[in-house]
Amino acid sequence: MLSGNLKKNTRILIVLCVFAFIFAVLVFRVLYLKTFRGEELSQKAYEQQTRDSLISPKRGTIYDTNGKELAVSITVETIALVPSNVKTDEMKGKIAKYFSENHGLVYDDVMQILNKKTSVPQTLMKKVDKTVTDAVRTWISTEKIKGISIVEDTKRSYPHGSLASHVLGFCGTDNQGLYGIEAKYEKYLKGVPGKLVATKDANGNEMPVESSTYINPENGYNVTLTIDEVIQHIAEKHLKQAIEENECKNGGTVLVMRPKTGEILAMASMPDYDLNNPFTPTEEDILAIWDTMTTEEKIEVRNEMWRNNVISQTYEPGSTFKVITSSIGIEENIVNPTQEGVFNCSGHITIGGARMNCWRYYNPHGSQSLTKALQNSCNPAFISLGQNIGTTTFYKYLRLFGFMETTGIDLPSESTSAFHKEENCGPVELATIAFGQRFEITPLQLVTAVSSIANDGKLVKPYIVKQITDENGNIVSKTETTVVRQVISEETADKVLAMMESVVSVGTGKNAQVAGYKIGGKTGTAEQGIGEGREYIASFIGVAPTSDPQLVILVTLDQPTGPQGRQGGQIAAPLAQKILEESIEYLGINPDYEVEDTVNSNEIQLPDVRTKTVAEAKKTLEKLGLTVDISCTGDYNSSVVTDQMPVAGTRLKKNSIVKIYSEDSEVRVSIEVPDVKDKTAAEAEAILKEQGLNIKTTGSGYVTSQDPPAGTQVEKGTIVRVELKAKNNDLH
């Protein structure tokens, strides 16, 4: 009996010990988890019980210098599926069928998402217009569908299409900046996402809205550029036209900068691309073969298309670089710019056994001062000056002018120059550098260097971002002008500006003249490469006005093949002239002198005849010697003029056409602009007048360009501006 009780007590003791051991282990485990892994497990529990939906912030706006929107974020929405909330195969099929039949999705792809074992939202349609999501909401409500969430999102939009495309860059599908300002200032523009934290029950279903937490997104900062939308538009308009007229195989560039501050007002590179559709080329010849190209070829085309040639592509500047050589020679007291007979051009010069021709070898320039050598763009004169300067001194100034380093502009992918190493620069290499060949720089480096000449010898750092502000307009950061160093003296700078002015007034750059203003500049026709494969870039660097420099401009036309030639004075200087003329007028820069224009003295300032009766307007205009084209179906004595073309204030030649519209007949008639190239002024005027169009001419000789271009649809009475030039091949 005792033995039986002992056995029983022993079993009880063993069971108690086992339970005590298990309890001790459990207590130890709880203490361990709470002490050492409590935070980790709490987070996991939270994640199992909640579901986060990211709320996209609004990406900051990019403005031009005057507050015009260049890049904005528009509201769109994203549709997602929550597979764990779609319980039946019937419901899954219903959802897949709806999106495949109504929104172009593939049925099997939608089913694949719905069959996933997850409660994490799966994106179905990204950045969808609200008209689409409203239709989805109606369907969800009508059919009582579960498992679909719609979250507000944003999409990048560019109101001006391709304007400043290489400056702005673009965003990817996730609103991440990929190129240009969008990429460079990503951390400021992108903002911080918000969250919608929804609580779930044990079955993974969302609990009432009251248990959800909404964390507001922080919108991105706004970026204001120094780019002026108007001047950018002027630059792109005329650059595109010049490329077409001169049949430039590789496009061209325009850069406009304020020399005293370093602000970039316009930066254009052609061909450009549509910012709202950046992955599709805009050139017709490429589009024609696009579908046949390999992936690698398409990548190469896109990278070429997206590259900003103003800062990322180097080129040989040619004769535009002679202003730098001139500056060095004058600053070092090697040459007096006005002293006659310093240089003698016989058509060529021999350096280190190498014969180097003047571009006008067939008609040598003879005895010249430095000023006349710059006017004539004489290579032998600048080769001689380079030899007198010497390699050591020349390279010292290359560094001072900033050619041996990047400018540091606030844009990505800036390239730097390619010069011979100083120790490898012999007499022949120095000779070619002196007149702008056999080395490469970027357009931005040249404009920055010439801006120092226009800024009393002080080099400033170029910049393109004016300021960064938050959504309330508070300034986060602001860019100030940075003076890098004094490169040449103010006295030297004044002398070089005077020389550049003479290039435009009497030298190779006379096609860059702007009536009423003293313009300085230098033409360039640079050979790129050697031998049979060599190509040409026509260019012009200008300062306006030289009396008080407000603008420095560089234009380049790459591989011109048109009938007007390839020399900078022939095709690049006129391009600069058009951009400068419109920009100066827009900026309201005071003229240097009154223009005595015999043509303008015969012009009539068009009065405002709106609100007059048709009869009164006709009498007023005809009395001024103008031809009136009337659109009126009513009585001339009672019908009132509501509009006129051209607008009031326009200056017109006598016998020009004025189109007037009455209140009962305002339908516009579209006229196709005829081609008047290679015509005389009289011939062009007759052709245009026959179509009901007016003419405004500059220059003399034969028409070399017209604006609007031939084929453009315009209203009757529109003024077609034409430029005439003598057939002159002596503008290097």
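Which element gives the largest share of the lining of the largest cavity? I found that α20 supplies five residues, the largest share. I note that the model is predicted, with local features needing pLDDT of at least 70 and side-chain atom pairs counting only at pLDDT 80 or more, while totals for chains, interfaces and linings use all residues. Residues are numbered from 1 along each chain as its sequence is written, and side-chain values use heavy atoms, with hydrogens and water left out.

I searched the whole structure and found three cavities of 30 Å³ or more (a cavity is a set of points, on a 1 Å grid over the protein atoms alone, where a 1.4 Å probe fits but cannot get out, and lining residues have an atom within 4 Å of a point). The largest cavity holds about 110 Å³, and of its 15 lining residues the closest to its centre are Glu 245, Asn 246, Pro 574, Lys 578 and Ser 705. At least two lining residues each come from α9 (229-245), α20 (568-587), β29 (702-707) and β31 (719-725).

The second largest cavity has about 70 Å³ of space, and its lining includes Lys 653, Lys 654, Glu 685 and Lys 689. Two or more residues of that lining come from each of α23 (681-690) and β28 (694-699).

I then turned to Ile 464, in the loop between β15 (458-460) and β16 (465-469). Ile 464 has a relative accessible area of 0% and is therefore buried (under 20%, with a 1.4 Å probe and protein chains only).

Key: Helices (H or I, at least four residues) and strands (E, at least two) are DSSP runs, numbered from the N terminus. Buried means under 20% relative accessible area, exposed over 50%, partly exposed in between (1.4 Å probe, protein chains only). On a 1 Å grid over the protein atoms alone, a cavity is a set of points where a 1.4 Å probe fits but cannot get out, and a pocket is an open set with protein on both sides within 12 Å along at least five of seven lines; lining residues have an atom within 4 Å of a point. Grid points are joined across faces, edges and corners, and a volume is the space filled by probe spheres set on the points.
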